[in-house]
Amino acid sequence: MPAIRQQLKLPLVDAGEPRLGSVEAGGRILVTGATGYIGGRLLARLEEQSRSVRCLARHPEFLRVRVGPGTEVVGGDLTRPETLPAAMRGVSTAYYLVHSMASEDSFAEADRLAARAFAEAARGAGVGRIVYLGGLGGQDDLSSHLASRQEVGRILRHSGVPTLEFRASIIIGSGSLSFEMIRALVDRLPVMITPRWVRTQSQPIAVEDVIAYLVAALELPGSESRVFEIGGRDRASYSDIMREYARQRGLRRVMIPVPLLSPRLSGLWLGLVTPVYARVGRKLVDSLRNETVVKKPKALDRFDIRPRTLRESIARALVNEDRQFAQTRWSDALSSSGTVRGMAGVRYGARLVDSRAQRVEAGAGAAFAPIRRIGGEAGWYAFNWLWRLRGWMDLMAGGPGLRRGRKDPEHPSVGGAIDFWRVEAYEPDRLLRLSAEMRLPGRAWLQFEVEPSGSGCVIRQTAEFEPLGLAGLAYWYGLYPLHRLIFESMLRRVARLSSGSQAATPCREEV
């Protein structure tokens, strides 16, 4: 142990030594990595509990617009130790939820230096506890990624600040790196050549259970450093996870095992067919040779948390994704750094999104009037003959077609039908969200929003599509030019109807 401390260049401190700070109920909580996947979800949970939270961010201006009114955001950078003491002042618990896996340089050295700076600043400020989320894995022959994650845990634990280190395997949740990789592979490849690493055993855990452990760490009594291995109820390989995901999505997939495929080739392959780019893919694949299963289940004794099964975790991920999309405001959820352009929109999670906006010199009621009347006798405002053709084709395929029309020509109601759409959400003069019920190789939504802007309003139109396998991708990309023409014409017509004889001013296209 002293040799490790000397190697990490940290002060020799007895873990039982009295602390300057303490983990007090209601004390200030510092969250690093709040713009990331785990940090963002943890922040939301802490805000729900009305905790006193401070976030450390390299670009605080990007984070401030996304946090609650009671959350403090301060600027700081773990690579600049002089920026950390002010952020640590008055903190009882500090969450360390950052890593450098996407770094082009030595990510292990970057993680090492960042952890040292964080640990030293926490000790100097008298922080009562550090909570860290690392990676599961044995002690022998660890991949460089897992070895770095566990080294960060040692640096934090040996800093003199009591540290709770949670070690997790694959995290199942919409947006997590591993889950998005699995989803892309299953959705896009009916036949998969599966290298040896897809058969390595893991213990996947739902992201909701991970967040529950992180929050519960605030209340755990004691002042010593501890390591907790956390996992879901089932042990499973990547191929098991892919098969369960395919089952829940109604996809039939064939997997052909091969004896080996190098991390470099696997990384390049993942970069071609998944959202994971090659550099991260190589590091991820390299870590998949290590079994990541819970061998010391003492977390089940110390925490009142009973993790979900694999089947439940995937089902929750899909359900939560639907809920999150229904609550999304596209003006916030797309790019915060400026215009995002792409021939066929952008990918957001598993969905493909095409969104555009137009400004009109009209009040919200006038701007929303043609939107609430859409469909039925009023038609779709552009290329109605194509809408009728699509309805006839849907009818021939066993779908509802356009024959249902709409019950009330003026006011839609949640759950009501509008041609081959169903009203999923409706807020007068603000929002209409339609879910497609026509025959499709996937799921589709069409959403209209009206937001006040200066002396007028902005009308935003968003089309979303969740493709089902290769047929879904072919449908989206094959028909995208036609869909774009129809939706652009529809939005222009809605804008003209809402502003009467006044010209509508196009807004910057978001996607």
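In this predicted model, Arg433 and Glu424 join their side chains in a salt bridge, with 2.8 Å from N to O. Arg433 is buried at a relative accessible area of 1%, whereas Glu424 is partly exposed at 34%. Side chains of opposite charge can pair when their charged atoms come close. Across the whole structure, a search finds 30 salt bridges. The table lists some of them.

| Salt bridge | Closest N and O atoms |
|---|---|
| Asp187 and Arg249 | 3.6 Å |
| Arg308 and Glu208 | 3.7 Å |

Asp187 and Arg249 form a salt bridge. Asp187 belongs to helix α7 (residues 177-188) and Arg249 to helix α9 (residues 238-249), so their pairing ties together parts that lie 62 residues apart in sequence. Asp187 is buried, with a relative accessible area of 8%, and Arg249 is buried too, with 15%. Both residues are also part of a network of salt bridges with Arg443 and Glu466.

Arg308 pairs with Glu208. Arg308 is partly exposed at 24%, while Glu208 is buried at 17%. In helix α8 (residues 207-216), 8 of the 10 residues are buried, so the rest of the structure largely encloses this helix. Among them are Val207, Ile211 and Tyr213.

The model also contains an open sheet of 7 strands with parallel pairing, in the order β3-β2-β1-β4-β5-β6-β11. Its edge strands, β3 (72-75) and β11 (226-230), each pair on one side only. Strands β1 and β4 run parallel and are joined by 4 bridges. In β4, Val91 stands opposite Arg28.

Terms used: Residues are numbered from 1 along each chain as its sequence is written. This is a predicted model: local features need pLDDT of at least 70, side-chain atom pairs count only at pLDDT 80 or more; totals for chains, interfaces and linings use all residues. Side-chain values use heavy atoms; hydrogens and water are left out. Two strands pair if DSSP finds at least two bridges between them. Helices (H or I, at least four residues) and strands (E, at least two) are DSSP runs, numbered from the N terminus. Buried means under 20% relative accessible area, exposed over 50%, partly exposed in between (1.4 Å probe, protein chains only). A salt bridge is a side-chain nitrogen of Lys or Arg within 4 Å of a carboxyl oxygen of Asp or Glu.
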